[in-house]
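Student: Could you show me how to read a pocket and an interface in a protein model?

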There are 2 protein chains.
Amino acid sequence: AQLALERDYEAHRDFETRYRVLMETSQDALVLMSAASGRITDCNQAAARVLGGSAEALVGCNLESEVEANGSDDFIDSLAGASAENIKSGVSVVARRSGRKISIHPTLFRAAGERTFLCRLETETATDGADIEIS
Amino acid sequence: AQLALERDYEAHRDFETRYRVLMETSQDALVLMSAASGRITDCNQAAARVLGGSAEALVGCNLESEVEANGSDDFIDSLAGASAENIKSGVSVVARRSGRKISIHPTLFRAAGERTFLCRLETETATDGADIEIS
């Protein structure tokens, strides 16, 4: 049983690596947020650029406090609602650090007993110069 | 020690779930391929659409036999080369099942002791009607 557990353990370490490679090579700006605490549990470089700040600084922060929402609805309720809808509307907010208008496209899932949102951040049409990137 | 291993095991199951959610919600067409065997080890729905066929049918297939390459270079060498470059050129091929021109953007990584390519498939300009999608 110990051996089987160790074999499984190896297989799951593989998924951790795959997960990290997917996050970092993704062209999407991705944030994982705990539904219970509202805190960012992971965030790729693309998302850090969109929100303004480093991924290291953003992990552990409350996502809601990083953005300014349009409505008065509860932030997590809005995400849960958008996640449940089939239409891909997203939740429109403004990122406080970068000043960018973004649309949050959430997917709610359960991992290790905790409800987690995977949020894809889409930048909306630039209203200032913040979207100009030198490459 | 057993308890610690089990706790780790739980944490790694979490990564498996995260990995699967990332794959399926990604807007990119993604294929994982073993560098040793050339076989597709995983493939999301977006990639299955691009290659033509179901993800279930594609897993286990040789990626090279799913595509027609332009040059005479060894397929895996081409992927390794493109993965090593900083310029994002990609490897141009035609998907046999769908007839689509695609550009493969590979990232080589090592997981559970095995070298794996994460391949992002970009469809090039449509040459026929295959790119028209009804949404």
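Student: How many nonpolar, polar and charged residues are in the lining of the second largest pocket?

Tutor: Rolling a probe the size of a water molecule over the atoms shows where empty space is left. In this predicted model, the lining of the second largest pocket has four nonpolar, six polar and two charged residues. Here Ala, Val, Leu, Ile, Met, Phe, Trp, Tyr, Cys and Pro count as nonpolar, Asp, Glu, Lys and Arg as charged, and the others, Gly among them, as polar. A pocket is an open set of points on a 1 Å grid over the protein atoms alone, where a 1.4 Å probe fits, with protein on both sides within 12 Å along at least five of seven lines, and lining residues have an atom within 4 Å of a point.

Student: Which residues line the second largest pocket?

Tutor: Among them are A:Asp73, A:Phe75, A:Glu85 and A:Val91, and the largest share, three residues, comes from α5(A). The space in this pocket is about 160 Å³.

Student: What area do chain B and chain A bury between them?

Tutor: The size of an interface is often given as the accessible area lost when the parts come together. Chain B and chain A bury about 2,900 Å² (accessible area, 1.4 Å probe, summed over both), with 68% of it on carbon and sulfur atoms. On the side of chain B that touches chain A, α1(B) gives the largest share, 19 residues. By class, that side of chain B has 13 nonpolar, seven polar and 13 charged residues.

Student: What should I know about the numbering and the cut-offs?

Tutor: Residues are numbered from 1 along each chain as its sequence is written, while chains are lettered from A and ligands numbered from 1 in the order in which they are written. Local features need pLDDT of at least 70, side-chain atom pairs count only at pLDDT 80 or more, totals for chains, interfaces and linings use all residues, and side-chain values use heavy atoms, with hydrogens and water left out.

Note on methods
Buried area is the accessible area (1.4 Å probe) that two parts lose on being put together, summed over both. Helices (H or I, at least four residues) and strands (E, at least two) are DSSP runs, numbered from the N terminus. Grid points are joined across faces, edges and corners, and a volume is the space filled by probe spheres set on the points.
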